[in-house]
Number of protein chains: 4
Amino acid sequence: MDYQQILDTIYEEMSYRDVRGKVASYIPELAKVDHRKFGMHIYNGEKQHFCFGDSKEKFSIQSISKVFTLSMAMRIMGESLWDRVSVEPSGDPFNSLTQLEYESGIPRNPFINAGALVICDILVDQLEDPKKELLEFVRNITGDENIDYDRSVASSEKSTGYRNVALVNYIKALGNIKCDVEDIVDFYFHQCSLAMSCKQLAQAFMIYANRGRLLESDEKILKPKSVKRINALMQTCGFYDEAGEFSFQVGLPGKSGVGGGIVAIHPEQYSVAVWSPILNKKGNSELGMKALERLTTLTGLSVF
Amino acid sequence: MDYQQILDTIYEEMSYRDVRGKVASYIPELAKVDHRKFGMHIYNGEKQHFCFGDSKEKFSIQSISKVFTLSMAMRIMGESLWDRVSVEPSGDPFNSLTQLEYESGIPRNPFINAGALVICDILVDQLEDPKKELLEFVRNITGDENIDYDRSVASSEKSTGYRNVALVNYIKALGNIKCDVEDIVDFYFHQCSLAMSCKQLAQAFMIYANRGRLLESDEKILKPKSVKRINALMQTCGFYDEAGEFSFQVGLPGKSGVGGGIVAIHPEQYSVAVWSPILNKKGNSELGMKALERLTTLTGLSVF
Amino acid sequence: MDYQQILDTIYEEMSYRDVRGKVASYIPELAKVDHRKFGMHIYNGEKQHFCFGDSKEKFSIQSISKVFTLSMAMRIMGESLWDRVSVEPSGDPFNSLTQLEYESGIPRNPFINAGALVICDILVDQLEDPKKELLEFVRNITGDENIDYDRSVASSEKSTGYRNVALVNYIKALGNIKCDVEDIVDFYFHQCSLAMSCKQLAQAFMIYANRGRLLESDEKILKPKSVKRINALMQTCGFYDEAGEFSFQVGLPGKSGVGGGIVAIHPEQYSVAVWSPILNKKGNSELGMKALERLTTLTGLSVF
Amino acid sequence: MDYQQILDTIYEEMSYRDVRGKVASYIPELAKVDHRKFGMHIYNGEKQHFCFGDSKEKFSIQSISKVFTLSMAMRIMGESLWDRVSVEPSGDPFNSLTQLEYESGIPRNPFINAGALVICDILVDQLEDPKKELLEFVRNITGDENIDYDRSVASSEKSTGYRNVALVNYIKALGNIKCDVEDIVDFYFHQCSLAMSCKQLAQAFMIYANRGRLLESDEKILKPKSVKRINALMQTCGFYDEAGEFSFQVGLPGKSGVGGGIVAIHPEQYSVAVWSPILNKKGNSELGMKALERLTTLTGLSVF
């Protein structure tokens with residue numbers, strides 16, 4: 001498979017595309033990003049790298065970070081994690097608060113905000129210094145020390161993130177949050193502010209394509225069963241209200257963020273990250289979705 | 001891959017299992033089925049058959065039939081079908097009516113009842129004799145003329161199916177149903193009453209594992225793109241409120257029915273059907289789920 | 001109190017008003033009504049009549065009829081009626097179906113459609129010929145044999161009333177409807193089609209201002225306790241999503257209908273009916289609300 | 001009307017009643033109150049006082065305080081207040097968050113928590129020292145300087161009031177809260193902690209029975225129109241999910257609190273307060289409801 005030729009084809013096709021939609025604006029710092037940015041990076045099982053465009057420029061990974069914190073929580077809690085958060089798609093977003101009420105504060109899955117906040121609570125509860133340990137985890141699986149939080153994004157989000165503060169308080173009222181609300185929210189906004197490039201994301205996500213082991217050192221980070229669970233969750237819940245569409249268009253487990261990044265993996269084959277800040281109506285990167293759809297079409301490698 | 005040996009292993013393992021849960025009882029006729037029934041059948045790309053137990057006994061396929069009617073509607077409508085029904089998971093069942101209200105009568109996907117009823121409306125509208133043509137379609141893709149409706153099940157359902165009649169009327173009030181309510185409901189209850197064996201289901205579903213073509217004659221039934229869409233829908237929405245769990249446990253696109261049947265396919269490899277009438281809390285066959293989990297574990301063939 | 005002078009004042013004030021809003025159009029027959037119609041009628045405890053405008057012209061009373069059927073059901077069932085329907089305001093209309101689901105098919109009150117349909121079920125179940133007996137009841141309390149259904153309105157509604165058919169089926173699925181759906185819906189559409197004038201309505205509603213007795217003959221129609229309950233229900237639930245506003249503006253128990261009619265009563269004093277077909281955003285007669293507000297302001301007789 | 005004799009009758013009747021239900025326990029301090037406490041106080045238009053039992057003992061007035069803060073907000077904002085909060089009953093409590101989402105953060109009425117918190121926001125925004133000014137307002141209308149917050153109740157509530165903190169953050173995310181969340185919540189928990197006796201409450205509520213004027217000095221506190229609005233709101237929304245039942249049983253505008261207090265007024269006649277800490281299923285004082293029902297039955301003075 002000549003991945004570089006395929007990437008070149010995609011880059012060329014996309015360069016003429018008319019992109020509608022908007023950059024995320026509810027976090028003031030994100031609204032400042034140049035909306036013409038576009039990069040893509042593939043990392044395959046033979047440790048080869050392929051890329052185009054702004055693939056080495058860092059951006060705010062936002063919800064993509066939920067895969068990292070979920071992984072850390074699974075290492076700590078094992079299967080008992082599922083007593084605190086469920087594993088099913090969440091349906092339309094309007095009902096998420098009513099759903100929490102009826103299901104006693106157990107969020108539908110770890111990728112909706114309610115679920116990610118419960119995961120934060122677990123890490124804040126169990127770890128000495130969760131912000132430091134998350135950085136170490138991400139740097140380790142990426143094999144790159146040069147990853148950090150973007151503190152201006154974190155504060156920007158903190159100043160407008162009332163809905164997330166509401167969620168934590170609400171779940172705490174329902175009995176599924178242990179720690180201090182402020183600690184949880186501080187950790188959550190930091191995790192979302194992680195700045196990584198497509199290259200770094202592709203490297204980091206290789207563990208999910210490689211049965212939980214670092215490709216370089218073969219170090220075991222996650223149990224194969226945990227990886228299977230995370231991949232299944234990415235497949236069914238990784239794209240907000242567009243999981244079904246992504247499953248069809250791309251057919252790979254993946255996770256998107258409102259910063260315009262998307263990561264996907266093909267088990268045993270490769271991990272791929274793409275970045276373009278303009279979002280479609282459902283909040284996923286417009287060009288990112290299309291680039292990944294072209295990738296699986298051109299490689300003929302989809303899970304379906 | 002020695003499928004027969006794997007099936008034998010599964011059968012042996014399962015024979016000692018303690019099964020909790022209940023047979024579906026809301027349709028009186030279904031409550032009469034012997035709950036000890038258990039059968040499984042694999043049909044692979046080399047046209048080989050493997051089976052155990054009651055794999056040749058017919059049962060009520062119920063919601064599995066939604067895959068057939070969806071296929072027929074896609075042949076007629078093509079992509080314009082998605083103006084009438086969406087393709088996303090539906091989340092918790094309690095909110096389905098509120099969701100319809102807010103989304104102007106467009107059901108979340110074709111496998112929830114609201115969606116299947118809109119598909120019925122399309123077929124009743126477009127076909128001369130929808131009940132006859134559905135039978136012909138299913139007999140053709142199965143390669144078996146010996147398939148029919150179980151009219152006692154159809155009437156049994158009709159006498160208690162007020163919720164479905166409510167749904168059709170409600171969607172009609174919202175403008176997304178054209179035909180007479182009674183015709184739609186009559187067709188719907190007939191489609192659900194289709195009686196098929198595991199063997200017949202495995203044969204019928206081979207088109208979804210074989211890019212839309214009959215394995216025997218290579219006749220083209222569905223476009224490859226339509227098959228990809230149907231498989232993606234089965235992956236994300238095929239198991240009521242347990243799609244995420246099935247995706248993790250089994251990792252294959254599939255569809256279950258309250259009659260206790262489950263069908264799944266591994267693209268390019270095989271189709272498989274399993275039947276055991278006892279349902280878990282979410283309404284899927286308890287043993288069926290486990291048998292399929294064992295199958296993908298023993299074959300090592302999951303999409304993740 | 002010179003009611004005639006007050007009515008004359010209101011009529012003069014209103015004649016210059018600019019009326020926005022629309023005539024009800026979802027029932028085709030109602031859309032044909034001349035939107036300039038305007039009439040009002042007061043009937044007081046001294047058996048005196050006061051009126052203006054089109055007060056003797058009949059119109060479709062629609063939901064006002066729910067007070068009559070509720071009264072009949074209370075005569076039959078007594079307090080056990082409240083096992084089938086509750087007595088609380090219903091909040092925003094969007095959630096009414098979800099509410100039914102959670103509250104096991106018990107509608108919030110007898111004036112939302114779900115509640116009125118359960119009342120219909122009771123009457124269809126308990127009466128030999130409910131349509132005939134409803135007519136007799138209304139003619140008796142009005143003291144006027146010249147009242148009938150408008151069968152063109154009833155059929156008009158029947159041809160578009162899918163939402164009500166959905167409701168009955170849904171409640172039947174939840175176990176709170178006994179009779180045949182068609183019989184209930186037929187009775188419901190007939191009751192809504194009752195054609196009465198302001199004068200007739202004011203006469204009929206005198207029983208609710210007169211502790212349950214006919215003013216003319218002192219015949220006891222309802223127990224005082226039943227009247228108190230009905231009046232309390234009209235106060236808190238009589239105006240769709242505008243009960244709070246009406247309670248403030250007018251301060252009397254009342255009931256409106258989409259035909260543009262409103263009836264209200266001042267216990268021990270008078271009953272009043274007003275008709276103007278143009279509806280405000282919440283579905284109540286725009287001029288009717290204002291006329292009644294002026295009435296209680298000018299008479300100084302509000303319950304607050 | 002011999003009010004004292006009526007109160008004596010009620011006291012005697014009630015002394016033999018079997019009371020089921022529980023004292024409010026979600027606020028730890030409230031759970032400590034002696035559940036046998038029972039007092040009642042009437043203050044009439046002739047400045048006469050009538051009482052029985054623990055009518056001079058202070059208790060936590062909780063939600064009854066919402067009438068005071070609403071009154072203060074109406075004095076400041078006039079009719080523009082209704083741009084920030086609506087005036088309709090709220091229906092079942094489960095949907096309140098969904099309702100806020102759909103109605104852009106405008107709470108259904110000022111007596112549900114969401115609405116009371118928006119009222120707090122207005123007072124915190126407009127007043128120099130809202131806690132001090134609320135005390136002054138309440139002391140003035142009561143004519144009693146001896147009223148204060150119970151700071152142990154306020155802190156008790158603060159330590160468990162996550163649901164209210166969630167609400168404020170949520171409404172702020174929807175754009176209908178201006179001030180700092182902490183200031184609003186601090187004010188809210190203080191207002192709820194106001195400790196008053198039945199006598200003091202009856203005195204304070206006399207302004208709502210006396211067209212907005214102090215009975216003693218004739219000082220104008222509220223416009224008659226504002227009083228009419230507040231009374232209408234108490235009638236339709238004053239009793240959580242039991243407004244309809246209270247309207248029927250008692251037939252007076254009133255407001256209850258989880259501390260077991262209820263206040264009601266009969267316009268132009270009297271104000272009345274009753275206290276018994278044991279709550280029925282809907283969260284209103286069990287004995288308090290019954291005592292008021294007896295009062296309107298024995299006086300024959302209900303609005304219906």
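Select Asp180(A): this residue is exposed, because its relative accessible area is 52%. Here buried means under 20% relative accessible area, exposed over 50% and partly exposed in between, with a 1.4 Å probe and protein chains only. Asp180(A) lies in the loop between α7 (162-173) and α8 of chain A. Helices (H or I, at least four residues) and strands (E, at least two) are DSSP runs, numbered from the N terminus.

The model is predicted, with local features requiring pLDDT of at least 70 and side-chain atom pairs pLDDT 80 or more, while totals for chains, interfaces and linings use all residues. Residues are numbered from 1 along each chain as its sequence is written, chains are lettered from A and ligands numbered from 1 in the order in which they are written, and side-chain values use heavy atoms, leaving out hydrogens and water.

**The negative patch**

Which helices each supply at least two residues of the negative patch? They are α8 (181-192) of chain A and α9 (181-192) of chain D.

**A buried aspartate**

Now select Asp121(A), in helix α4 (residues 113-126) of chain A. Is Asp121(A) buried or exposed? Asp121(A) is buried, because its relative accessible area is 0%. A polar atom of its side chain lies 2.9 Å from the backbone nitrogen of Lys178(A).

**Salt bridges**

A salt bridge is a side-chain nitrogen of Lys or Arg within 4 Å of a carboxyl oxygen of Asp or Glu. By this rule there are 68 salt bridges over all chains.

Stay in chain A and display Lys132(A) with Glu136(A), whose side chains meet in a salt bridge at 3.7 Å, N to O. Both residues lie in helix α5 (residues 130-142) of chain A, four residues apart, or about one turn of the helix. Lys132(A) counts as partly exposed because its relative accessibility is 48%, and Glu136(A) is partly exposed with a relative accessible area of 41%.

Move to chain D and select Lys32(D) and Glu29(D), which form a salt bridge with the closest N and O atoms 2.7 Å apart. Lys32(D) counts as exposed at 61% relative accessibility, whereas Glu29(D) counts as partly exposed at 23%.

Then select Asp125(D) and Lys178(D), whose side chains meet in a salt bridge of 4.0 Å, N to O. This pair links distant parts of the chain, 53 residues apart: Asp125(D) is in helix α5 (residues 113-126) of chain D, and Lys178(D) is in the loop between α8 (162-173) and α9 of chain D.

Most residues other than glycine have a negative phi. Gln62(B) is found in the loop between β4 (59-60) and α2 (65-77) of chain B, and counts as buried because its relative accessibility is 2%.

Finally, select Arg211(C), where phi is also positive, near 55 degrees. Arg211(C) is in the loop between α9 (198-209) and α10 (224-237) of chain C. This arginine is exposed, with a relative accessible area of 53%.

Notes
A polar contact is a pair of N or O atoms within 3.5 Å; within protein, one must be able to donate a hydrogen and the other to accept it, and residues adjacent in sequence count only if both atoms are side-chain atoms.
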